[in-house]
Amino acid sequence: MAEKRATIIRGGRLAGSGPRAEVADILINGDTIAEVGPPGLAAPADAIVIDARERLIHPGLINAHMHGHGNLAKGMGDRWTLELLLAAGPWITGGRTLEDKYLSTYVGAIEMLLKGCTACYDLTVEFPLPSVEGMDACGRAYADAGMRAVLAPMVAELSFYEAIPGLLDALPPALQKEVERLRLAPGDATLAAMRASMQSWTFDRASVRPAVAPTIPHHCSDDFMRKCTELAREFDVGMHSHVQESKAQVIVGLKRYGKTQTAHLHDLGLLGPDFTVGHGVWLDYDDMQRLGDHGASVAHNPGSNMRLGNGLADVRGMLERKVNVGIGTDGANCSDNLNMYESMRLASMVSKTQGPDTDRWLTTGEVFAAATEGSARALGFGDKLGRIAPGYKADIVFLDLHNVNWLPFNNAVNQLVHTEDGSAVHSVMVGGRMVVEGRRVTGVDMAALARRVEAARSRLEGATIPNKQLFEKVEHVVNSFCPGLAKMPFHVDRFGGGHHGHDHAAWVKR
Ligand SMILES: [Zn+2]
């Protein structure tokens, strides 16, 4: 009954309690924090004692938006817009075996744990539709690594080429024929597959739980979006979708719906506290109000937004309208790491680069809260994760205060957001169990993992040659057609009156 023994963490400095973080003891029962108190806190005589002197303690960071399938594709692109990334998808994530799906997810889990992140919202993908075995392999990767995850299959009915009006016609006839093989499964088959996966879910939902992710609204019919929501509500799980991420997407949304994607999702009755918008770079103030009024979340991914040229999200505008904001890294195929310390730093910087009015900048405290409590709420774990407090899960990061990042130690939260880069992570606890100790993931042989990953990489390089060649043929068409869309007149007024520079309806009629 070893796991029933209590654990007491003694002598660590607790981030959030004053600039230099007060020393506090933490008593853990099973997987849950029982008590936080001043040094000398009473504990059962047989409690396991963890000496946390010279450690800064903070709640595990929570990655509100990433893609487990992207980890085997890190560094494969450079000057890619979101649309080029989507066109490259069949190449950089194609040809995956079940073992590849597991491995890609597992490598990401290891990276996140080593960088102080203990839970994530993973939007994963299988072509042409999700499968029970595929979702099980991804779930197993997190369970094996000892990390929490919300695992949502990204689903759609239309391929990228079918979803962008006019794009298919812009391709030469031979290529139009060739992209037909990228067609997705019919919506009903995809919905049935998700249902089967959720019905046969074997993981403890407190650790690894399912969700539903209609990938991008205009890649789905309204009927499909509604059915995804019904499914999510039936199984009491979250919904996550990429909304108003790129300007080209916004223009497509306006053409298709005559209103913003968020306004359309609102009209469909999809918005609620279980709904997370991925990105929301191009939300206007009315969209933010709609999300805030419904208690919805935005997963803010500043690194990806810059890397793919999508722009800078207005997080202050979201917070003012009571939107819950979490922070994510996005996939390693577009950011190209899963470092939540870097994402926090970028979230702070992005807010500060948008204008001289310092009241609109995010404070480091707001950024840190978003990457912990905000992300936890987006994952549907708002009452269990993101804080070091009684009743919360014992997901705790221990930073080495002798690391150069903390020489000197002036201000815990400022330095967590602006100085720390993950290199001071000494140990990481998830649910009361140490999963990283002395900068190593417990029980993981990195050399053996490297051999497995290289074998997969090398095989996939060969298996995806046709998809790579197809990408090379469509690349210039996508890269002239989609930026062309993005040059159309549409402007979100960031710091002014909160309306569009151009009237939607008038634009759509043109
Ligand atoms: Zn994404």
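In this predicted model, Gln244 has a relative accessibility of 1% and therefore counts as buried, since the limit for that class is under 20%. Gln244 is placed in the loop that runs between strand S10 (238–243) and helix H9 (247–257). The backbone at Gln244 has a phi near 50°, a positive value in a residue other than glycine. Most residues other than glycine have a negative phi, and most peptide bonds are trans.

With a relative accessible area of 39%, Arg439 is partly exposed, whereas Gln244 is buried.

Two peptide bonds call for attention as well. The bond from Ser335 to Asp336 is cis, and its omega is near -25°. Asp336 sits in the loop between strand S13 (324–327) and helix H14 (340–352). Leu407 and Pro408 are likewise joined by a cis peptide bond, with omega about 0°. Pro408 is found in the loop between strand S14 (396–400) and helix H16 (412–418).

In soluble globular proteins, nonpolar side chains tend to be buried together. The largest nonpolar core of this model comprises 93 residues, and those with the most contacts inside it are Leu56, Tyr142, Val212 and Leu399. Helix H2 supplies the largest share of this core, eight residues. Another core, of 35 residues, lies apart from it and includes Ala88, Leu175, Ala248 and Cys334.

Not counting residues up to four places away in sequence, Leu399 touches Glu54, Arg55, Leu56 and His58, together with Tyr341, Trp406, Leu416, Glu420, Ala424, Val425 and His426. Among these partners is Leu56, itself one of the residues with the most contacts inside the largest core.

Helix H2 may next be followed through its packing. Two packed helices are described by the angle between their axes and the distance between the axes. The axes of H2 and helix H3 (residues 132–145) come within 8 Å and cross at roughly 30°. The two helices are therefore roughly parallel, the limit for that description being under 35 degrees. The crossing of H2 past H3 is right-handed. On the H2 side the contact is made by Leu98, Lys101, Tyr102, Thr105, Tyr106, Ala109, Ile110, Met112 and Leu113, and on the H3 side by Glu133, Gly134, Ala137, Cys138, Arg140, Ala141, Tyr142, Asp144 and Ala145. By class, these residues divide into 12 nonpolar, two polar and four charged. Tyr142, one of the H3 residues in this contact, is also among the residues with the most contacts in the largest core.

H2 also packs against helix H17. The axes of H2 (residues 98–114) and H17 (residues 446–463) come within 11 Å and cross at roughly 135°. The pair is therefore oblique, and the crossing is left-handed. Glu99, Asp100, Tyr102, Leu103, Tyr106, Val107 and Ile110 of H2 meet Met446, Leu449, Arg452, Val453, Ala456, Arg459 and Leu460 of H17. This contact has 10 nonpolar, no polar and four charged residues. Tyr102, Tyr106 and Ile110 of H2 take part in the contact with H17 and in the contact with H3.

A further helix pair is formed by H14 and helix H15 (residues 364–378), whose axes come within 9 Å and cross at roughly 140°. H14 is therefore oblique to H15, and their crossing is right-handed. Met340, Met344, Ala347 and Ser348 in H14 meet Val367, Phe368 and Ala371 in H15.

Ala170, in helix H5 (residues 167–170), is partly exposed, with a relative accessible area of 34%. Not counting residues up to four places away in sequence, Ala170 touches Val477 and Phe481. The C-alpha atoms of Ala170 and Trp361, which are 191 residues apart along the chain, are separated by 42 Å. Gly89 lies in helix H1 (residues 82–92) and counts as buried at 17% relative accessibility. Gly89 and Asn403 are 39 Å apart, C-alpha to C-alpha, and 314 residues apart in sequence.

Definitions and conventions:
Residues are numbered from 1 along each chain as its sequence is written. This is a predicted model: local features need pLDDT of at least 70, side-chain atom pairs count only at pLDDT 80 or more; totals for chains, interfaces and linings use all residues. Side-chain values use heavy atoms; hydrogens and water are left out. Axes are lines fitted to C-alpha atoms, for helices over the stretch in contact, and angles run from 0 to 180 degrees between N-to-C directions. Helices (H or I, at least four residues) and strands (E, at least two) are DSSP runs, numbered from the N terminus. Angles under 35 degrees count as roughly parallel, over 145 as roughly antiparallel, 65 to 115 as roughly perpendicular and the rest as oblique. A crossing is left-handed if the near helix is turned anticlockwise from the far one by less than a right angle, and right-handed if clockwise. Contact means heavy atoms within 4.5 Å. Ala, Val, Leu, Ile, Met, Phe, Trp, Tyr, Cys and Pro count as nonpolar, Asp, Glu, Lys and Arg as charged, and the others, Gly among them, as polar. A nonpolar core is a set of buried Ala, Val, Leu, Ile, Met, Phe, Trp, Tyr and Cys residues joined through side-chain atoms within 4.5 Å. Buried means under 20% relative accessible area, exposed over 50%, partly exposed in between (1.4 Å probe, protein chains only).
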